[in-house]
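Student: I have not looked at this structure before. Can we go through it step by step?

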Amino acid sequence: ICGATYLHLDGSKYENAIRAAHIAKQGKVTVSLDGSSMQKNNKLNIDLAKLADILIMNEVYPCRLMEDDNRERALLEIAKWGAKVVVSTSGEEGCLAVVDEKVISFPAYRVEAIDTTGAGDVFHGAFLRACDLQYPFHEAIRFSSAVSAINCMSLGGRRGIPSLHQTLQFMAE
């Protein structure tokens, strides 16, 4: 773990994820969390989310995590925990992100979706790749949205994952 640049986690095995996140933090490794799975014990959900440097969630996770029906308010509270990135994706509606203590809406690319399987997963991977390429935040969101949109134009969760070149070409068009 300590030899990595990023540690990307989900909530499928919370005890393991929390332990791995602590190891990553000790090694100064950036912790990324796919906020989508919820354990019955909300304290475990919160403990793991508080360890994330990059917290990208689906649209229901922030409200369930904070026990608040107002997603924007929930995102602003979560952002106080110290993550550098706090984003909530909403499929074809794009995503919301906390930027300078405000919730900003980012539109999705409009495509003819065939299958949305894996759209969130590729968004996460693309965001980390954009970070690795040192893209500014707004550009990282656009890049991640493009990769996700392209993936949705093919059947299956992985068949449509584009190359960097294909993504940049799609964005340019």
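Predicted model: local features only at pLDDT ≥ 70, side-chain atom pairs only at ≥ 80, totals over all residues.

Student: Which residue in the hairpin of strand 5 and strand 6 takes a positive phi?
Tutor: Strand 5 (residues 95-99) and strand 6 (residues 102-106) run antiparallel and are joined by five bridges. Leucine 96 has serine 105 as its bridge partner in strand 6, and valine 98 has valine 103. The hairpin has two residues between the strands. The positive phi, near 50°, belongs to aspartate 100.

Student: Are helix 6 and helix 7 roughly parallel or roughly perpendicular?
Tutor: The axis of helix 6 comes within 9 Å of the axis of helix 7 (residues 164-172), and the two cross at roughly 105°. Angles of 65 to 115 degrees count as roughly perpendicular. Therefore helix 6 is, relative to helix 7, roughly perpendicular.

Student: How many nonpolar residues are in the contact of helix 6 with helix 7?
Tutor: On the helix 6 side, the residues include Phe143, Ala146, Val147 and Ile150, and helix 7 brings Leu164, Leu168, Phe170 and Met171 among others. By class, the contact has two polar and two charged residues, and the nonpolar ones number nine.

Student: Is serine 145 buried or exposed?
Tutor: Serine 145 lies in helix 6 (residues 137-151). Beyond its neighbours within four places in sequence, serine 145 contacts Pro107, Tyr109 and Phe123. Its relative accessibility is 11%, and the cut-off for buried is under 20%. Serine 145 is therefore buried.

Student: How many disulfides does the count come to?
Tutor: A disulfide needs two cysteine sulfur atoms within 2.5 Å. For cysteine 63, which is buried at 16% relative accessible area, the closest cysteine sulfur is in cysteine 95, 15 Å away and so too far for a bond. For cysteine 131, partly exposed at 23%, the closest is also in cysteine 95, at 13 Å, again too far for a bond. The count of disulfides comes to zero.

Conventions
Residues numbered from 1 in each chain as written. Heavy atoms only, no water. Helix = DSSP H or I, 4+ residues; strand = E, 2+ residues; numbered from the N terminus. Buried < 20%, exposed > 50% of the residue type's maximum accessible area, 1.4 Å probe, protein only. Contact = heavy atoms within 4.5 Å. Pairing = 2+ DSSP bridges. Axes fitted to C-alpha atoms, helices over the stretch in contact; angles between N-to-C directions. Parallel < 35°, antiparallel > 145°, perpendicular 65-115°, else oblique. Nonpolar A, V, L, I, M, F, W, Y, C, P; charged D, E, K, R; others polar.
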